[in-house]
Amino acid sequence: MTTDYKIYLTFNNEQSRINIPVLPEKVDISQGTNNQTIDIIGLGETVVIGDLSALTISFESVFPADKCDGKGITEKVMAWMHSKKPVHLIISGMDINMFCSIESFEYYEQGGDVGSIYYSISLKEYREVTFKQITVKGVQFQKPRIDNRVTPTTYKVKKGDSLYNVAKKELGSPEKWVGIASINKLKPPYSLNSNQIIKLKY
């Protein structure tokens, strides 16, 4: 792989990012099909051609101790993997720019290279579910934008905020103000103060 290539992983609407410091010697890309084989009486075995399956991209490399915080990066990747949210994979020079799920991530340290983390990672193309929308002119497809934002656990109160509008803005439902009040042990009249830090969830 030439130095023209760069690999990035981002998360939480591009707010968190990992630059792969040492490019892998190779990037494996595989894609199968969802073809089905059926037996029809009198005709024998027949193949029903289906859509292509999701791309799988895998590579292995190292987080060298003298270039990065390998332990911190591995902890970040593991947290992303267990978040049930897709990550954004960009490989410049290979025309790869897609959202993916982290299917596997393995890492280890070895003698003679203290602090460096050797790893292998496998990612699978993430496809947002598409719904049909019926219109007067026919059937159209809605393709929603992939959202990998993480719901915050705390909120810093701004001037003019109320539990109602905080619940609506941060949790997507104004009715959830009751839960915020309960978590923070707030009592009537449920007033908030500027710069106050409140919990949004346990």
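# Reading the terms on this structure

Q: Why is Lys84 called exposed?
A: The relative accessible area of Lys84 is 80%, and a residue is called exposed when this area is over 50%, buried when it is under 20%, and partly exposed in between, with a 1.4 Å probe and with protein chains only taken into account. Lys84 therefore counts as exposed.

Q: What kind of model is this, and which pLDDT values do its features need?
A: This is a predicted model, in which local features need pLDDT of at least 70 and side-chain atom pairs count only at pLDDT 80 or more, while totals for chains, interfaces and linings use all residues. Residues are numbered from 1 along each chain as its sequence is written, and side-chain values use heavy atoms, with hydrogens and water left out.

Q: Where does Lys84 lie, and what is its phi?
A: Lys84 sits in the loop between helix H1 (70-81) and strand S7 (87-92), where helices are DSSP runs of H or I with at least four residues, strands are DSSP runs of E with at least two, and both are numbered from the N terminus. Although Lys84 is not a glycine, its phi is positive, at about 65°.

Q: How do you know that Asn195 is exposed?
A: Asn195 has a relative accessibility of 54%, and it is on this value that the residue counts as exposed. Asn195 belongs to the loop between H3 and S13, and its phi is near 70°, again a positive value in a residue other than glycine.

Q: What makes His88 count as buried?
A: The relative accessibility of His88 is 11%, and so this residue of the protein chain counts as buried. His88 is part of strand S7.

Q: Which side chain makes a polar contact with that of His88, and at what distance?
A: The side chains of His88 and Glu14 are joined at 3.0 Å, and a polar contact is a pair of N or O atoms within 3.5 Å, of which, within protein, one must be able to donate a hydrogen and the other to accept it, while residues adjacent in sequence count only if both atoms are side-chain atoms.

Q: Which residues is His88 in contact with, leaving aside neighbours within four places in sequence?
A: Contact means heavy atoms within 4.5 Å, and for His88 the residues include Tyr8, Leu9, Glu14, Met98 and Phe99.

Q: Why is the pair of Asp161 and Lys169 called a salt bridge?
A: The closest N and O atoms of Asp161 and Lys169 are 4.0 Å apart, and a salt bridge is a side-chain nitrogen of Lys or Arg within 4 Å of a carboxyl oxygen of Asp or Glu, so the pair is given this name. Asp161 counts as buried at 14% relative accessibility, whereas Lys169, at 47%, counts as partly exposed.

Q: What else does the side chain of Asp161 join or lie beside?
A: A polar contact of 2.7 Å links the side chain of Asp161 to that of Tyr155. Asp161 itself is in the loop between S12 and H2.

Q: How many salt bridges does a search of the whole structure find, and what is the distance in that of Asp28 and Lys26?
A: The search finds two. For Asp28 and Lys26 the closest N and O atoms are 3.9 Å apart; Asp28 counts as partly exposed at 35% relative accessibility, while Lys26 counts as exposed at 56%.

Q: Which residues of H2 are buried, and how do you know where they lie on the helix?
A: In helix H2 (residues 163-171) the buried residues are Leu163, Val166 and Ala167. Seen down the axis of H2, they fall within an arc of 100°, so they line one face of the helix, the arc being that of the directions from the helix axis to the C-beta atoms. Strand S12 (154-156), H3 and S13 are among what covers these buried residues.

Q: How many bridges join S1 and S2, and how do the strands run?
A: Strand S1 (residues 6-11) and S2 run antiparallel and are joined by four bridges, and two strands pair if DSSP finds at least two bridges between them, so S1 and S2 count as paired. Arg17 in S2 is the bridge partner of Thr10.
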